[in-house]
Amino acid sequence: MPKQLIKGNEAIVKSAILAGCRAFYGYPITPASELAEAAAKYMPLAGGTFLQAESETASIYMLFGAAAAGVRAMTASSGPGISLMQEGLSYLAGAELPCVIADIMRGGPGLGNIAPEQGDYNQVVKGGGHGCYHTIVLAPDSVQEMADLTALAFDLADAYRNPVFVLADGAIGQMMEPVEFMARPVEPRHMPWAVEATPETRKNLVTSIYLEPDNLEAHIRKLEAKYRRCEREEVRFEEYQTGDAEVVLMGYGITARILKAVVEQLRATGLRVGLLRPITLYPFPVAAVQRLARSAKLFGVVELSTGQMLDDVRLALNGARPVEFYGRAGGNVPPAEEVARFVRRIARQYGVAVAEEELAHV
Amino acid sequence: MSEFSVLQQKAESFYPNYGRKAELQHQTHYCPGCGHGIISKLLARAIDELGIQDRTILVNPVGCSVFGYYYFDVGNIQSAHGRAPAVATAAKRARPHSVVVSYQGDGDLAAIGTAEILHAANRGEPITVIFVNNAIYGMTGGQLAPTTPVGAKSTTTPYGRSIFNEGYPLHVCETLASLEAPVYLERVAIGNIKGILQAGKAIRRGLENQVNGLGFSLIEVLSPCPTIWKTTPQDAQKRIREELSKIYPVGVFRDLTGDRGARPAALPAPTLNELPALLELDAAHTFETPDRRPTQAVDWRIKVAGFGGQGVLMLGEVLAEAGLAAGLDVSWLPSYGPEMRSGTSNCHVRLATHAIDSPLISRPNVLLALNEPSLRKFVHTVEPGGWVLYNADTLPPDCRRDDVNFVTDSFTKIADGIGDTRVGNIVMLGALMEAAHLVGDEQVDAALAHTVKSARWLEFDRKALVAGKLAARRIVQGVVQ
Ligand SMILES: Cc1ncc(C[n+]2csc(CCOP(=O)(O)OP(=O)(O)O)c2C)c(N)n1
Ligand code: SF4
């Protein structure tokens, strides 16, 4: 099968175009700029629009305009730019417009730095904008998934008429891995509700205003029902060696890759450890966490932050099992050996068997 | 008289009944004497006259005119405060045959949305902007607008607008007239019948320009707000004539409708079958990877490090491509950003017969150190039995180890001999292949051919590869295994 060695950021753009995306509006920011650069190169060739907007604020409203007009559209940014987009995300969710946003996370708060971090979890997964809404959030941990989940993101955006995030970190965005792209490109689709400037769509209206409290509440309930359906039907996760795991590790993105190496290292020493990797961060794999809680003794959460996804794990467990956390921040990415030390420490702390003579080999 | 009757007749592009409130099917929400009501009628009439109702998209702002979609029987998009030009930009680009109208107040356009309007105008977006300047925030109850006259009171300038606190009134037409792109900029005033007729003509021109495929048009309308101004409709129009028209003179600020040709039409979109090649996903840009992986298990964890400009990232990329050609799983992770700017650069490359877990390499079994700081930084992380290639004739004493294999030579000097220092990285690659046989020669060559785009450089690189192999053959003796 034909594979291409490609950067995560570029894989998103190629996959998006194959998935029928024909508009990219964005503003440069490291480590997400390759997305805009690749879109600038390929979008015009595909008969689509690329425009470098005057700001991320403008970008997100350009997405609003393109989506309202019925075109598959996307943007990409990182921390500061995503912060600026939050008002627009609320409008997009309120107006039920499908679109895709790639967030290639860097260090924060403020200008922070451009190294990989996972500090945007809260603003993306919990929604940094106003009102009762969610964005669907997909978290790739490989370049292949950058491609695959981007295509999925467009489908989910259409199916739920909601913005969908591809949430990755600088490491996944900047690294190259072989990717097999979808074999058959998707035909740009037609949305019956879109404002297409045609006689058939003339009476269509895209709005997020419901002035009467009862009308707005009805609208919010409709969105709520949609999110409940999404929570039932769209949860995705990967389990790695969890079958007999006494310690369940959780992490996403580049952290999950490191955790796989940690699981390998510790399994070799006889420690029964496994990985539960959420692929959808919203909806969060609550049921999977609860199922594993029945057999596991404890959970270890690892993030490139001071603990954001951690809250979702705690909520899912609701006190059923202890949760320990290991985080690095500021752009530091811990090697597997460092994380393995944390796991051994918590395993011992909670009485999980760690043979000392086996430890000596680590 | 005929003009009067036309104005009284309800335009086709208005809905026959307004669905906003059950008890007010024929009334807008605008106050009596409000400019918005008059401007809406002028706009609806222009849409009728040009026969563009079916292809008009109205972008409604946040402000008193937020509910335009209850009245206009056209495609409607309700935007956020100030962002209508961005929304209009993308809607127009998505539907090039549409006629897109961005309808905005002075707070919307000239305060919160200044960036969006300036850049839409400067890009020459082929949209029509109706800018309703009533010198106040109507919807929120009478706060200062950027267009409020000096000295004028508002709820947020209770002592009057001060040039020292709020500055001067913002002149939108004049400001946009300093840009090259706009095709048509005119200011009109709803101050009397004559002004209303002129406003109607200007709005129609603005739409016509779009129908004719021209660029950006904006019509600024000085518009009465009797409610907030606390005047009668008659006195409100008088204020327009006697005060606001003095601050904001009416007239045409730009008219290139006769000079500018239609904008070029978009190229026809390619067929879906053409897409993969356009995205460089055709055979020339991909590897047909072998079905089966090499039988002997390997896990090469390679760290490449050196100065920026020594080809560190490219060396890593060629290695990864070669691994891919050999049917291995591969990953390539660069250091990026300011680290590169400060002069050093490194990347992690992994080639393995199994699925790669972490692409991050903390314990390499191959270190390719193109300079001394990199050697010093990483040599002690190399796994016993691993390989260290170093770009100098001798090892610094503090970097010596007897449990790893060293291959040291001035690879960049060898490259100089070939004709370009910059292929020093590929000389080192040749030496690595000779010493450690990571993948086959054909795969390295295929990777080079894939990565190096120019034929001249490819020739250099092939020579460099051979030179590196010869150098390694001289050096490698008594390796630790
Ligand atoms: C982000 C944001 N900030 C503030 C508001 C509140 N707001 C609504 S309309 C408006 C001012 C509208 O004034 P203008 O654009 O002059 O229109 P007018 O009502 O006078 O026609 C403001 C501040 C808002 N809706 N959104
Ligand atoms: S408040 Fe002013 S601008 Fe708003 S509808 Fe009334 S008169 Fe018109």
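**A guided reading of the predicted model**

Thr157(B) is located in chain B, in the loop that runs between strand 4 (128-133) and helix 7 (172-176). The model in which this residue is seen is a predicted one. Thr157(B) has a relative accessible area of 2% and is therefore buried, since a residue counts as buried under 20%. Apart from neighbours within four places in sequence, the residues in contact with Thr157(B) are Leu144(B), Ala152(B) and Glu166(B). Ala152(B) is also placed so that its backbone oxygen lies 3.4 Å from a polar atom of the Thr157(B) side chain.

A total of 17 residues surround ligand 1, and the closest are His36(B), Cys64(B), Asp106(B), Asp108(B) and Gly138(B). The surrounding residues come from chains A and B, so the site is shared between chains. Within chain B, helix 5 (residues 106-112) gives the most to this shell, with 4 residues. By class, the shell around ligand 1 is made up of 6 nonpolar, 8 polar and 3 charged residues.

On its own, ligand 1 has 590 Å² of accessible area, of which the protein covers 77%.

Ligand 2 is considered next. The residues that surround ligand 2 are Tyr30(B), Cys31(B), Cys34(B), His36(B), Cys64(B), Asn134(B), Cys225(B), Pro226(B), Thr227(B) and Ile228(B). Helix 9 (residues 226-229) of chain B provides the largest share of the shell around ligand 2, namely 3 residues. This shell has 7 nonpolar and 3 polar residues, and no charged residues.

Over all chains, the structure holds 14 aromatic pairs. One of these is formed by Tyr121(A) and Tyr252(A), a tilted pair with 5.8 Å from centre to centre and 50° between the planes. The two residues are 131 residues apart, and their pair links distant parts of the chain: Tyr121(A) belongs to helix 5 (residues 121-127) of chain A, while Tyr252(A) lies in the loop between strand 12 (247-250) and helix 9 (254-267) of chain A. Tyr121(A) and Tyr252(A) are both buried.

In chain B, the ring centres of Phe67(B) and Tyr70(B) are 5.4 Å apart and the ring planes stand at 55°, so this pair is tilted. Phe67(B) is buried, with a relative accessible area of 7%, whereas Tyr70(B), at 25%, is partly exposed. Ring pairs also join Phe14(B), Tyr18(B), Tyr30(B), Tyr71(B) and Phe72(B) into a cluster.

Most peptide bonds are trans, and most residues other than glycine have a negative phi. Against this background, Thr30(A) and Pro31(A) are joined by a cis peptide bond with an omega of about 5°. Pro31(A) lies in the loop between strand 2 (23-26) and helix 2 (33-42) of chain A. A cis peptide bond also joins Gly108(A) and Pro109(A), with omega about 0°, and Pro109(A) has its place in the loop between strand 5 (99-107) and strand 6 (113-116) of chain A.

Glu96(A) is not a glycine, yet its phi is positive, at about 55°. Glu96(A) is found in the loop between helix 4 (79-94) and strand 5 of chain A, and its relative accessibility of 7% means that it counts as buried. Arg161(A), also a residue other than glycine, has a positive phi near 45°. Arg161(A) lies in the loop between helix 6 (143-160) and strand 8 (163-169) of chain A; with a relative accessible area of 23%, Arg161(A) is partly exposed.

Conventions. Residues are numbered from 1 along each chain as its sequence is written. Chains are lettered from A and ligands numbered from 1 in the order in which they are written. This is a predicted model: local features need pLDDT of at least 70, side-chain atom pairs count only at pLDDT 80 or more; totals for chains, interfaces and linings use all residues. Side-chain values use heavy atoms; hydrogens and water are left out. Buried means under 20% relative accessible area, exposed over 50%, partly exposed in between (1.4 Å probe, protein chains only). A polar contact is a pair of N or O atoms within 3.5 Å; within protein, one must be able to donate a hydrogen and the other to accept it, and residues adjacent in sequence count only if both atoms are side-chain atoms. Contact means heavy atoms within 4.5 Å. A residue is near a molecule or strand if one of its heavy atoms lies within 4 Å of it. Accessible areas come from the Shrake-Rupley method with a 1.4 Å probe; for residues, only the protein chains shown count as cover. Ala, Val, Leu, Ile, Met, Phe, Trp, Tyr, Cys and Pro count as nonpolar, Asp, Glu, Lys and Arg as charged, and the others, Gly among them, as polar. Rings of Phe, Tyr and Trp (its six-membered ring) pair if their centres lie within 6.5 Å; planes under 30 degrees apart count as stacked, over 60 as edge-to-face and the rest as tilted.
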